[in-house]
There are 2 protein chains.
Amino acid sequence: MKLSKRALEIQASPIRKLMPHAVDAKSRGIKVYHLNIGQPDIPTPPQMMKVYHEFSEKVLAYGPSQGLEVYQQGLVHYYKRLGISLDTKDIIVTTAGSEAVTFAMMVAANEGDEIIVPEPFYTNYNGFATMASIKLQAITTLAENGFALPNDEAFEALIGPKTRAIMLCNPGNPTGAVYSNEELFRVAALCKKHGLFLISDEVYREFIYDGLCHTSVLQIPDFDANAIMVDSVSKRYSACGARIGCIVSRNRDLMSATLKFAQARLCPPTIDQLAANACVYLPDEYFHEMVAEYQSRRDLVYNELTNIDGIICKKPQGAFYIVAKLPIENAEDFVTWMLDEFQIDGKTVMAAPAEGFYATPGLGKNELRLAYILNKEALKDAMRIFRAGLTEYKKTHK
Amino acid sequence: MKLSKRALEIQASPIRKLMPHAVDAKSRGIKVYHLNIGQPDIPTPPQMMKVYHEFSEKVLAYGPSQGLEVYQQGLVHYYKRLGISLDTKDIIVTTAGSEAVTFAMMVAANEGDEIIVPEPFYTNYNGFATMASIKLQAITTLAENGFALPNDEAFEALIGPKTRAIMLCNPGNPTGAVYSNEELFRVAALCKKHGLFLISDEVYREFIYDGLCHTSVLQIPDFDANAIMVDSVSKRYSACGARIGCIVSRNRDLMSATLKFAQARLCPPTIDQLAANACVYLPDEYFHEMVAEYQSRRDLVYNELTNIDGIICKKPQGAFYIVAKLPIENAEDFVTWMLDEFQIDGKTVMAAPAEGFYATPGLGKNELRLAYILNKEALKDAMRIFRAGLTEYKKTHK
């Protein structure tokens with residue numbers, strides 16, 4: 001039986017594909033520090049857990065396709081605190097950020113159309129694009145200059161008759177880059193000039209360090225027709241398993257069409273929406289403490305990495321990832337070797353090879369993404385083992 | 001800003017599109033009996049609710065993309081009780097049946113490919129097909145002969161080089177038809193002859209009346225390469241808001257490819273999977289009581305309908321829907337009129353116009369789908385009002 005082309009071509013998750021090696025290592029009694037996946041260790045707010053514990057409806061029923069009204073209103077409140085004024089009609093609740101990205105791509109682009117994305121980018125954009133038969137056009141950004149956005153000429157060289165959108169992740173996964181207003185306004189002007197949507201994935205909005213500010217695509221002046229924002233509660237409330245996100249735009253035609261996509265799948269999970277709604281009313285201190293914790297983790301990992309000979313990386317300003325260029329040829333081989341052959345005191349480290357975050361063949365082969373999602377004691381130990389592993393690996397590998 | 005063709009073309013839900021009229025009626029103080037949507041009124045099992053109440057992990061984390069192992073094992077147990085032997089590798093847990101249908105369509109067919117579906121069919125198949133740029137080829141079945149499957153010649157007239165699958169809903173939504181082994185084996189033979197997948201939507205499996213038995217696509221002998229089953233806990237456990245389903249096939253290549261789709265969206269909701277898992281171990285009595293209740297509701301609605309002059313319908317053998325051909329020209333106009341202009345004792349009835357369940361233009365215009373998902377007292381009152389409404393409507397409309 002022949003499978004579809006998209007089934008054959010869709011990329012296996014580079015974040016998850018080395019998991020069998022981790023499982024093997026664990027079966028040999030080795031403790032694996034997982035820096036390969038963006039699963040925060042911070043406890044989920046008890047206010048959220050309380051909603052699960054106290055749910056008292058007799059029937060666990062469908063909600064509206066656009067999301068529960070109480071949660072849409074909660075989101076209006078959440079965005080208002082950020083200085084973004086919205087109406088409930090501008091928001092459709094989705095099953096995590098993943099579905100929001102899928103809807104955004106599909107409402108903007110048809111099969112065969114193109115969306116421009118700065119690489120390295122969140123690898124699952126590839127999967128969503130393949131499923132929707134959309135082509136991602138990668139525009140390369142470099143570790144050496146902090147993954148800043150390329151200039152207009154570089155973008156315009158890629159814009160053709162099939163280009164329908166530019167897609168950004170801000171703050172960036174895997175880069176940790178936070179785009180300046182200058183960069184954002186420039187890309188927005190390009191989008192207006194060429195009639196493109198600007199899809200902005202802002203799930204790491206609060207993870208911003210060194211006193212920087214985050215600008216949302218929804219805050220760009222005179223840009224409502226073009227701006228599509230995708231969001232998720234997964235990271236900011238350490239609630240990855242709730243699968244609650246949203247797609248937001250003030251372009252009403254776009255939201256009407258998106259609602260039809262949403263109606264096809266009926267609704268997002270009901271109790272999880274109510275649980276997410278409890279988080280909307282958390283005090284500001286929740287984020288202050290969380291961000292302080294992640295900033296100190298970032299500093300720790302960044303300092304450890306820059307103390308290793310031959311590693312190139314810039315200090316990330318947001319999210320909780322860092323991309324490091326290693327003084328070896330093949331980062332995937334190194335990760336596999338760390339899991340299969342290396343340990344100190346019965347422990348090893350797993351990171352994500354960065355090649356899968358690039359669309360251009362050959363790029364990122366010697367790069368890794370590390371997620372700093374463990375407590376500092378664990379991170380310190382992990383970095384000690386990582387450094388020793390790399391030194392050992394280099395003795396026998398190029 | 002131009003939206004994509006699929007955004008413009010995707011069908012608005014015919015089940016939900018008249019909802020504004022219901023909202024208006026309610027705002028005028030009128031009670032609306034909702035027979036338009038498949039939201040059961042049966043309480044969700046307390047065993048399931050208990051899982052939400054007692055969830056005690058500190059972090060609401062991602063699960064594996066294929067689903068939590070404990071729930072995969074639970075599903076193996078559930079299917080074993082039905083006489084279907086499976087391995088956990090044959091099962092990927094999905095975000096409701098909707099995602100399972102999407103994955104099944106996408107793994108079988110590419111953009112521009114075709115899938116044959118007997119009409120009338122579950123209207124959201126249209127939405128999933130439009131999103132995936134797949135064409136649904138409808139093969140018409142008739143209320144007059146209980147929506148039985150057409151003969152081989154009718155199927156073969158539609159099978160062309162782009163045909164990749166036949167898709168059935170068994171028991172059928174909206175038809176209530178339950179396919180006999182003879183019908184299933186015949187369609188399976190056709191699929192083998194032409195190299196097609198047979199996608200079987202079996203979310204109403206337990207809703208079978210008059211002592212009939214249900215045969216799953218997974219029970220067709222020598223058919224493992226072609227068989228894809230999609231399933232959901234929504235109806236059988238009255239848990240529509242949990243959004244937990246699965247896709248099942250013994251074709252390992254197909255499941256490997258489907259896993260890559262699943263990895264792109266990371267995972268289905270975590271606590272909801274654990275809650276669904278509690279249902280797997282419910283005693284048989286749970287279904288016996290539920291089916292007895294629905295069978296008596298079906299009898300009530302069927303008897304009331306057949307007592308109305310000019311209505312054509314066959315007694316459905318499964319699911320909880322009945323399609324009735326009305327002695328008027330336009331069922332959507334009738335439903336709208338019932339909501340806007342009719343009431344008895346401050347009450348009216350909402351049903352789903354069946355036209356949206358047909359792909360062939362013009363078909364189903366004078367048909368309705370009624371879902372018998374209310375208790376018998378409410379149903380009896382609803383049917384009284386429905387009958388009076390139809391009589392009144394006919395006085396002034398064709």
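Visitor: Into which domains is chain A divided?
Guide: The bounds come from an automatic or database domain assignment. This is a predicted model, in which local features need pLDDT of at least 70 and side-chain atom pairs count only at pLDDT 80 or more, while totals for chains, interfaces and linings use all residues. Residues are numbered from 1 along each chain as its sequence is written, and chains are lettered from A and ligands numbered from 1 in the order in which they are written. Chain A comprises domain 1 (5-43 + 285-396) and domain 2 (46-279).

Visitor: Which element gives the largest share of the side of domain 1 of chain A that touches domain 2 of chain A?
Guide: Residues are in contact if their C-beta atoms, placed from the backbone, lie within 7 Å; domain 1 of chain A contributes 38 residues and domain 2 of chain A 33 residues. Elements are DSSP runs numbered from the N terminus, helices (H or I) of at least four residues and strands (E) of at least two; those giving two or more residues to the domain 1 side are α1 (5-9), α11 (284-306) and β9 (321-325) of chain A. The largest share, five residues, comes from α11(A).

Visitor: How are α3(B) and α10(B) oriented: roughly parallel or roughly antiparallel?
Guide: Axes are lines fitted to C-alpha atoms over the stretch in contact, with angles from 0 to 180 degrees between N-to-C directions. The axes of α3 (residues 46-54) and α10 (residues 270-279) of chain B come within 8 Å and cross at roughly 150°. Angles over 145 degrees count as roughly antiparallel and those under 35 as roughly parallel, 65 to 115 as roughly perpendicular and the rest as oblique. Therefore α3(B) is, relative to α10(B), roughly antiparallel.

Methods:
Two residues are in contact if their C-beta atoms, placed from the backbone, lie within 7 Å.
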